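I opened the model to look up its nonpolar core and its aromatic rings. My notes follow.

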Amino acid sequence: YKKFLDLIPLEKHERTEEDLEVFLVDFQPPNIKDWDSGMVKYFIGEWFLENANPLKEDLESMRESLLNLFNFLDREGKLPGGFFEQVSAFLRK
């Protein structure tokens, strides 16, 4: 986690940590080996909207934070095959 945050610009640290706390602690995704695009779509499209009542800026920030996290995890070889390709197109919408 610290290795990931070290790659994030300092001015985005706090917001990124807040976003990831919502995803990792509040949402509690399954084990990383079980992540798929459906889980991300459910989180962004339903859970986050219903539980966090986000503003447009919050939604954009969450998408950016997840994209950065998933990109890092993909480069580290931690994600299931094809996961990053599937979710990056969705998160960039």
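A nonpolar core is a set of buried Ala, Val, Leu, Ile, Met, Phe, Trp, Tyr and Cys residues joined through side-chain atoms within 4.5 Å. I note that this is a predicted model.

Entry 1, the core. I looked up the largest nonpolar core and found 27 residues in it. Those with the most contacts inside this core are Phe23, Trp35, Val40, Phe43, Leu66, Phe70 and Leu91. I then checked which elements give two or more residues to this core: they are α1 (2–6), α2 (13–27), α3 (37–52), α4 (56–75) and α5 (83–91). The largest share, 7 residues, comes from α4.

I left aside the neighbours within four places in sequence. Phe70 is then in contact with Phe23, Trp35, Val40, Leu79, Phe83, Phe84, Val87 and Leu91.

I counted 13 aromatic pairs. For Phe23 and Phe27 the ring centres are 5.8 Å apart and the planes are at 20°, so I list this pair as stacked. Both residues lie in helix α2, 4 residues apart, which is about one turn of the helix. Phe23 has 0% relative accessibility and counts as buried; Phe27, at 13%, also counts as buried.

Phe27 pairs with Tyr42 as well, and this pair is tilted, with 6.2 Å centre to centre and 40° between the planes. The pair links distant parts of the chain, since Phe27 is in helix α2 and Tyr42 in helix α3, 15 residues apart. Tyr42 is partly exposed, with a relative accessible area of 37%.

Methods
Residues are numbered from 1 along each chain as its sequence is written. This is a predicted model: local features need pLDDT of at least 70, side-chain atom pairs count only at pLDDT 80 or more; totals for chains, interfaces and linings use all residues. Side-chain values use heavy atoms; hydrogens and water are left out. Buried means under 20% relative accessible area, exposed over 50%, partly exposed in between (1.4 Å probe, protein chains only). Contact means heavy atoms within 4.5 Å. Rings of Phe, Tyr and Trp (its six-membered ring) pair if their centres lie within 6.5 Å; planes under 30 degrees apart count as stacked, over 60 as edge-to-face and the rest as tilted.
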